[in-house]
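Thanks, everyone, for making the time. I would like to walk through one model this morning, beginning with a sheet and ending with a pair of helices.

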Amino acid sequence: METVITVNGQRHTVAADDRLTLGELLRDHLDLTGTKMACGEGTCGTCTVLLDDRPVLSCLTLVAACDGRSVRTVEGRSPLLEDLRAAFAATDGLQCGYCTPGQLMSAVALLEQNPSPTTEEVVTAMSGNLCRCGAYAGIIEAVERVAVR
Amino acid sequence: MARLVRTEAVVEGRTEIRYTLVEDDDTPEWEPGERPPLIGEPAARVSAGPRTAGTARFTTDIVLPGMLEAAILRSPHPNARLTGLDVEAALAVDGVRAAIGPADSPGGEESAVLTDSPGYAGAPVAAVAADSRAALRAGLAALQPRYETAGFVVDLDEALSRQDLFSDPSEYERGDVESGFADSAATVEATHNMPAQLHSALEPHCAVVDWRPDGVTVWCSTQSIYGIRDDVAGAFDLDPERVRVISEFVGGAFGAKFGSGAVVPLAAELSRRSGRPVRLVLSRREEQTTTGYRTPASITLKVGASADGTLQAIEGEGAIGLGSDGWTYPIMEPAKSVYACPNVHTIVVPLRQNLGPAAAFRAPGVMEGTFALEGTLDELAEQLGIDPLELRRRNHSENDPATGRPYTSKRLLECYDRAAELAGWEGRDRLRSDGRIRRGMGCASQFWWGGGGPPAYAEVRIGKRARATVTVGLQDLGTGVQTACAIVAAERLGVPVESITVRAGDTALAGHGPFSGGSMTMASIVPAVRAAGHKVRQQILQLAGDMFEIGADDLTLENGEIRSVDGALVHPITEVTGQLGNAWVTGSGSRGPNPDGMAVNTWGCQIATVAVDTATGELRVEKVVAVHDVGRIINSMGARSQVAGGVLQGVGFALMEERVVDPNTGLVVNANLEDYKMPTIADMPEIVCDFVGEPDPHLAVGVKGLGEPPIIPTTAAIANAFAHATGVRLRETPFSPRRILEALG
Amino acid sequence: MSPARTYARPESADEAGRMLENGGRAMGGGTDLLPQIDRGIAAPDMLVDLRGLDLAGIDHDGHGVRLGALTPVAEVARHQHLADRYTALAQAAGLVASPQLREMGTVGGNLCQQPRCWFFRHPDLQCWLRGGDTCYAQVGDHRKHGLEPGDCISVAPSDLAAALLALDASAVSNRRPAFPLADLYRRPEPDDRRTVMLEPGEFLTAVEMPAPPDASAYARAGERAAWTFALAGVAAARFGDRVRLAAIGVANVPRLLDPADPLAGLPGLEMTRWKRRLLSALVDDALSSL
């Protein structure tokens with residue numbers, strides 16, 4: 001099955017195996033390894049990307065179901081993403097960094113929809129992204145720094 | 001000149017004697033009270049750029065031309081004998097390039113990785129490497145293993161009743177506990193139970209091995225690149241110099257990524273056989289069942305004290321479940337070493353179970369033992385009517401109670417005072433109420449080692465633009481140790497932290513470094529970096545003296561400038577380094593030994609505030625005040641992050657984390673991140689962190705480690721806070737709604 | 001890494017129905033089905049993606065609400081009219097799984113999801129519900145299971161089901177006009193172990209709610225503060241002097257409770273008696289929010 005999918009603004013026509021997940025496409029075929037895999041079954045949020053602006057888990061998204069859709073990953077460029085990166089660094093919102101790309105994409109999704117979230121809204125929006133190192137305080141602070149006050 | 005020096009190092013409670021190569025070092029220690037620039041200031045981690053840009057290459061991201069994907073066939077049975085395996089059929093599958101069974105296992109007979117008598121569900125039986133994931137699946141399916149199953153034991157109590165010991169019991173005794181109890185006005189006996197906690201690092205264990213005739217290159221997510229190098233060289237009889245191990249970024253480890261496990265030797269053997277690079281990444285389920293765990297433990301302590309709370313005796317019996325491998329983690333160390341108690345007798349029984357191997361997990365043993373000891377002491381304080389914090393103060397020990405050795409430094413009393421002040425301990429009874437939501441506050445002490453020691457080496461070089469590179473032979477798990485290296489080098493070189501590049505995670509680089517663990521890394525490596533940086537500093541000053549015709553001793557280097565002591569001469573450092581062309585000024589440094597005859601420990605106190613919904617059994621940790629004494633702080637922001645991470649893992653252990661094993665099938669039933677709960681961002685308490693922070697006067701740079709300390713007292717403080725709130729003791733983790741509702745009765 | 005599967009995105013309900021009759025499995029967000037396939041619990045010949053059928057959307061007028069079966073759960077959670085008038089549903093939707101799973105998961109998928117029982121979902125076991133001989137939970141660790149004895153003691157997991165049941169919702173399928181939501185569920189029986197009662201070729205197309213209640217609320221408890229399936233969840237809705245009360249996490253099916261005696265018929269099992277206290281507290285919480 002042929003799927004046309006836009007990734008970070010670039011159109012790709014993929015002759016996708018039906019079983020191929022978006023995460024596999026990104027990592028194994030498009031060399032976009034910024035998106036990490038940690039559980040492969042939708043439980044940890046590590047592989048979060050934006051699909052038509054909404055945060056989804058790339059391990060549970062079939063490429064075949066993405067025909068005509070647009071994907072953004074941590075490798076994408078946007079002023080908001082840049083600001084979040086700088087803020088994560090400044091607040092130490094990361095330790096090992098393995099969950100960070102997914103955290104950033106959830107944060108982008110939140111702030112695009114809701115540029116001035118309350119702390120509670122930040123916590124809710126980020127609650128599907130596990131961080132085993134426990135960098136959560138810095139993550140909240142980083143998102144709040146970038147939010148419009 | 002370098003010397004061989006005999007040293008004694010304490011690694012997670014085990015004392016190791018070794019000889020180590022130490023370079024001459026005339027780096028002056030800072031004066032007491034001196035506040036050197038940059039040291040202790042908050043600094044962003046040096047690798048934040050690639051880690052936030054998605055360009056950091058973790059082992060799971062490594063792709064090599066012609067690389068094969070590999071996977072492991074594992075026993076579904078907790079105890080079985082393999083009666084059939086069709087390796088030939090797997091090899092006949094299109095796209096399969098290598099397949100091996102127990103007969104071909106790396107590791108030899110002694111430590112074969114693949115087994116024909118799997119002793120736990122998940123034990124590796126065979127491995128396959130193939131061109132594609134489809135071929136890999138087909139290859140694994142073609143193996144058609146057959147098993148004869150046998151009986152098994154997974155339950156800790158059952159293992160205890162069968163007395164299937166992994167090794168001899170570990171016993172400790174000082175004084176005479178019988179007479180101690182006879183002298184006691186009050187005694188408390190309590191049993192604390194805890195299930196296994198799974199490390200659950202988000203990057204699974206993984207390796208990429210490229211075996212070539214002229215050498216083997218291993219990419220691996222590991223806590224010890226040199227450990228992996230030695231393992232591979234040993235297993236395959238190779239010259240270690242021909243084995244290169246690369247681990248640039250590690251996606252969390254927490255103790256589970258020591259040793260080469262199954263992934264490294266299997267990927268190596270499959271690469272050797274296929275002539276192709278091989279990548280082997282574990283699935284989440286494999287990660288949660290085969291790569292280690294904090295041992296389940298049952299700890300019974302009996303403590304006796306006189307009426308004023310002075311401890312007279314501690315008697316302890318403990319059992320831990322090591323599954324199929326591990327060592328006797330020091331669960332009785334807190335009972336033995338935290339407080340001044342003349343009479344102590346403990347025994348620990350390490351048990352074998354049909355479960356995967358145990359592994360060190362952040363403060364292995366000591367965290368479990370602290371939950372037991374601090375919970376029991378809290379009961380004692382209650383019985384004696386003594387403020388719990390005061391009881392701990394009264395049993396403060398000025399010297400190591402086990403050896404009588406003096407401490408290099410100990411500021412535990414200050415930790416108590418500061419924590420009490422930050423938490424509002426004096427007003428804690430005002431939190432209590434009879435309503436549905438009950439609040440309470442509890443405290444616990446923290447003890448750990450963390451002095452580090454040799455061997456650790458570093459190289460520093462500076463180039464024409466006064467930008468410097470620090471090279472260290474270690475790996476960064478996210479602890480921030482590389483950032484600390486940058487800070488310490490920047491201070492010596494008088495340049496900003498941002499102008500330092502840290503290179504690490506590659507055995508082909510200069511500078512053999514320590515493993516990352518035991519809270520030893522920072523204290524081990526930082527003095528070596530400082531010594532190397534100092535040598536470069538001295539050379540720069542010498543060159544400046546040559547250029548400006550002034551004695552080097554009359555020059556200093558700070559804020560990017562070379563100045564004469566009298567202030568008459570000021571030149572940017574680049575005026576000197578600019579003359580280097582493409583040469584560098586380099587220096588190397590090494591870690592010297594710690595003082596003999598002294599105990600090196602870290603200390604702390606945490607105070608937790610909890611809110612219990614007595615109707616639903618939901619427990620919320622509202623706040624944890626964490627005050628630790630870990631010597632000099634190099635990066636205040638990084639240090640706080642370490643504390644927050646440790647506390648959060650402690651909250652996870654206390655409230656929700658539990659490996660659940662079905663006794664009927666021997667299977668772990670929650671080997672995934674849906675059923676195995678760990679804290680989300682919404683579970684994070686407010687964490688108030690402080691350090692009493694004075695440099696350790698007996699240690700180089702005054703630094704001690706901070707990896708384990710923050711996780712150690714958290715569970716105990718939470719349990720004690722729960723008791724303060726409800727009057728009911730929780731002696732078994734996790735404190736889930738079920739357990740709380742059952743406890744409240 | 002999943003076993004082979006083929007994928008189809010039918011453009012009409014008839015086409016979808018035919019595919020489902022021929023070995024296909026209906027898929028919405030795929031968040032329940034794909035992990036089941038990876039674990040070897042489900043092995044459909046074909047994934048029938050219903051997202052091409054224009055079944056997403058929330059329509060409301062003064063008389064009720066129609067939720068398309070393919071509406072993402074997140075849209076239910078953030079819908080202002082639902083939050084105002086069908087509060088229990090919006091609250092329940094906001095507590096489903098994680099933010100990403102709410103974006104991906106659909107109303108129909110959430111209602112039709114399989115039990116979260118750790119034995120049912122274990123790749124190396126074939127429990128009674130999956131056609132085997134043994135309910136491993138009965139003889140093993142069933143701390144999170146149901147309060148009703150039975151051949152299978154797994155519990156209905158759908159937060160939305162509790163809320164919709166309390167709100168007196170009906171389900172609509174491609175083969176049936178509106179029918180009571182409760183009829184979608186059944187306790188499994190030895191000769192038919194389904195818990196979700198859809199016939200071959202049938203799939204949910206919508207859920208309909210009658211005029212809004214005077215008030216409604218959802219209360220639940222989990223194992224952590226976010227991203228957890230409910231240990232138990234209770235929805236309450238008041239229509240005039242009548243209260244409808246429904247619970248999940250306590251029985252094979254989402255269960256209507258008698259407001260006068262909510263624990264009736266829920267004795268608890270050896271390891272689940274604690275849940276009676278929890279259920280009782282959640283009932284109080286839900287009722288006191290009305």
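In chain B, strand β14 (residues 297-305) and strand β15 (residues 311-323) pair in the antiparallel sense over nine bridges, where pairing requires that DSSP find at least two bridges between two strands. B:Ser298 stands opposite B:Ala319 in β15(B). This is a predicted model, in which local features need pLDDT of at least 70 and side-chain atom pairs count only at pLDDT 80 or more, while totals for chains, interfaces and linings use all residues. Residues are numbered from 1 along each chain as its sequence is written, and chains are lettered from A and ligands numbered from 1 in the order in which they are written.

Helices (H or I, at least four residues) and strands (E, at least two) are DSSP runs, numbered from the N terminus. The open sheet in chain B has five strands in the order β8-β16-β15-β14-β9, with mixed pairing, and its edge strands, each pairing on one side only, are β8 (170-174) and β9 (186-194).

Turning to chain A, helix α2 (residues 79-91) and helix α3 (residues 100-113) pack at an angle of about 125°, with their axes 10 Å apart; axes are lines fitted to C-alpha atoms, for helices over the stretch in contact, and angles run from 0 to 180 degrees between N-to-C directions. α2(A) and α3(A) are therefore oblique to each other, since angles under 35 degrees count as roughly parallel, over 145 as roughly antiparallel, 65 to 115 as roughly perpendicular and the rest as oblique.
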